[in-house]
2 protein chains.
Amino acid sequence: MHDFTQLMEIAKDKKLEKRIVVVFPEDESCLYAINQTLKENLASFIFITKKDSEEIDKFLQIYPNHTEQIKVFTYEEGAPKAVQLIREKKADILMKGMICSDILLKAILNKEKGILPTGNTLSHITIAEIPTYHKLLMFMDVAVIPFPTFEQFIQMIGYATKLCQKLGIIEPRIAMIHCNEKINAKFPHTLAYQKLKKMAQEKTWGETIIDGPMDVKTACNPLSGETKHIVSPIEGEADVLLFPDILSANTFFKTITLFCQAKVAGMAVGASCPIILSSRGDSGESKYDSIISALATIDN
Amino acid sequence: MHDFTQLMEIAKDKKLEKRIVVVFPEDESCLYAINQTLKENLASFIFITKKDSEEIDKFLQIYPNHTEQIKVFTYEEGAPKAVQLIREKKADILMKGMICSDILLKAILNKEKGILPTGNTLSHITIAEIPTYHKLLMFMDVAVIPFPTFEQFIQMIGYATKLCQKLGIIEPRIAMIHCNEKINAKFPHTLAYQKLKKMAQEKTWGETIIDGPMDVKTACNPLSGETKHIVSPIEGEADVLLFPDILSANTFFKTITLFCQAKVAGMAVGASCPIILSSRGDSGESKYDSIISALATIDN
């Protein structure tokens with residue numbers, strides 16, 4: 001799988017069966033993504049709105065069978081309403097519009113009325129199409145967990161493995177990122193990596209190839225490992241990069257999108273449904289690719 | 001200044017006046033860089049060697065006036081010998097060959113016989129030529145300081161400012177990198193950034209424009225800030241990226257070199273001379289560019 005077009009093919013197979021609830025679809029990029037999805041006949045939408053909107057009215061007119069509007073009286077009601085629809089199985093995917101991430105996350109994580117199964121950790125996966133890499137590259141976490149603990153890494157690997165399998169990657173290669181290959185107590189994540197590697201060998205997550213610590217270049221370039229005499233089962237062919245923290249993950253995200261013309265899509269994982277948590281800087285196209293990614297990887 | 005060719009012009013003006021001492025020039029990429037430098041008549045060399053080498057003999061034969069060899073009996077003597085030559089002003093630039101960075105750093109940092117002026121912190125600056133950025137971009141620290149403290153950030157900014165001025169950047173724009181623009185006690189470097197920004201306004205480092213926290217995209221793309229309604233004097237035109245730690249700096253380094261065809265050069269700064277601390281993965285060309293960068297930015 002090397003580009004979003006292929007994800008689209010998978011998503012198309014699920015045509016209109018899935019319902020996306022959007023909390024306050026007011027910004028231009030969000031409306032663009034909704035329009036593309038409706039035009040391509042990929043899913044139906046439930047719009048949670050407060051103020052009247054010409055754009056939404058248009059969608060309701062043009063696609064009466066695939067759109068629906070639910071009005072709320074205050075902005076505070078928006079996120080809980082969307083989460084409730086997911087709980088009641090009236091919607092399959094949750095999408096953020098013009099609402100602060102923190103407020104949406106609060107509703108998702110609410111212990112009584114939220115949608116995070118007990119024992120799960122919410123995390124975030126980005127899928128990148130980098131012109132200079134020969135396949136799609138997943139990485140985490142740019143949005144939800146600032147400094148993953150060992151327990152959180154365990155769950156993150158589980159989510160990544162599951163997502164890869166949905167995309168037909170039978171034995172995903174997961175590289176645990178650091179600045180070199182040394183296990184060093186001054187960098188506690190390298191100690192976690194050591195244990196996670198052992199757990200992978202014991203098939204904790206099924207068929208996966210997990211290795212690290214290693215740097216981004218060793219993870220994604222076969223020649224780089226050779227030069228440094230590093231022998232790794234990743235072989236410079238990583239499907240997933242697991243970053244040690246949000247600072248390095250965000251640096252990777254911003255660098256590939258700014259300097260390498262990468263296309264990215266993303267979603268929060270771990271809740272009972274995929275959550276499209278796009279951020280202010282994301283383009284309409286990126287939000288559309290995120291919808292496609294969610295549709296392509298959602299359970300049937 | 002937008003590419004290494006321009007650095008080369010500056011370096012050429014200092015032709016042969018500077019002497020580079022290389023500790024164990026044995027690896028192919030190091031020999032390549034030396035050969036290029038001698039061919040271009042840019043500097044002279046002192047080789048610290050232990051075993052006989054055909055390549056070194058050739059250099060001594062072809063360039064008798066610009067090369068010199070000092071033999072040591074054990075590998076342990078190599079780094080202290082080179083450092084001694086710098087102390088005695090018999091050499092101007094120190095370059096790492098086939099020697100472990102830790103051993104070289106130990107000799108450099110030695111309190112009695114080293115070359116780190118009292119009160120200085122050793123740090124590292126990378127200079128990158130990224131095809132998709134319109135000028136050279138400096139960033140730090142990928143090699144020496146894992147998690148800079150507030151005091152270390154102060155010194156790093158000083159080194160970066162000085163280096164920029166050597167390259168003719170009169171008012172360098174220094175972006176302090178984070179994953180967003182929020183000051184947050186959970187990320188102590190953002191508190192340091194706040195203080196550093198105030199110090200910059202008080203002209204602590206002379207004419208500099210310093211802002212942050214901000215992400216890589218906001219630092220290097222004028223449109224990104226606009227979209228997010230961020231008003232910053234950096235204006236998406238950073239000359240220098242100051243990363244919060246070695247993990248994010250290394251991620252940036254590896255990503256631009258692997259996926260964006262960036263050319264990079266680097267040197268350790270803060271000691272009484274520039275130090276070329278190239279690492280295993282660096283190409284001969286990158287080592288050559290590092291020599292050029294050191295020559296272009298060294299004091300006359």
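**Exercise 1. How do helix 4 and helix 5 of chain A cross, and which residues meet there?**

*Solution.* Step 1: place the elements. Helix 4 of chain A covers residues 78–87 and helix 5 of chain A covers residues 101–109; helices (H or I, at least four residues) and strands (E, at least two) are DSSP runs, numbered from the N terminus. This is a predicted model, in which local features need pLDDT of at least 70 and side-chain atom pairs count only at pLDDT 80 or more, while totals for chains, interfaces and linings use all residues. Residues are numbered from 1 along each chain as its sequence is written, chains are lettered from A and ligands numbered from 1 in the order in which they are written, and side-chain values use heavy atoms, with hydrogens and water left out.

Step 1: take the geometry. The two axes come within 9 Å and cross at roughly 40°. Axes here are lines fitted to C-alpha atoms, for helices over the stretch in contact, and angles run from 0 to 180 degrees between N-to-C directions.

Step 2: name the arrangement. Helix 4 of chain A and helix 5 of chain A are therefore oblique to each other. Angles under 35 degrees count as roughly parallel, over 145 as roughly antiparallel, 65 to 115 as roughly perpendicular and the rest as oblique. The crossing is right-handed; that word applies if the near helix is turned clockwise from the far one by less than a right angle, and left-handed if anticlockwise.

Step 3: list the residues. Ala79(A), Pro80(A) and Val83(A) of helix 4 meet Ile103(A), Leu104(A), Ala107(A) and Ile108(A) of helix 5, where contact means heavy atoms within 4.5 Å. By class, this contact has 7 nonpolar, no polar and no charged residues. Ala, Val, Leu, Ile, Met, Phe, Trp, Tyr, Cys and Pro count as nonpolar, Asp, Glu, Lys and Arg as charged, and the others, Gly among them, as polar.

**Exercise 2. At what angle do the axes of helix 2 and helix 3 of chain A cross?**

*Solution.* Step 1: helix 2 (residues 28–39) and helix 3 (residues 54–62) of chain A have axes that come within 11 Å and cross at roughly 10°. That makes helix 2 of chain A roughly parallel to helix 3 of chain A.

Step 1: from helix 2, Leu31(A), Ile34(A), Asn35(A) and Leu38(A) meet Glu55(A), Ile56(A) and Phe59(A) of helix 3. These residues divide into 5 nonpolar, 1 polar and 1 charged.

Step 2: Phe24(A) is found in the loop between strand 1 (19–23) and helix 2 of chain A, and has a positive phi of about 55° although it is not a glycine.

**Exercise 3. How are chain A and chain B related, and how many residues of each are in contact?**

*Solution.* Copies are superposed by least squares on the C-alpha atoms of residues with pLDDT of at least 70 in both.

Step 1: of the residues of chain A, Ser248(A) comes closest to that axis, at 2.1 Å (C-alpha).

Step 2: 38 residues of chain A are in contact with 38 residues of chain B. Since 100% of the interface residues of chain A are also interface residues in chain B, the copies meet through the same surface.
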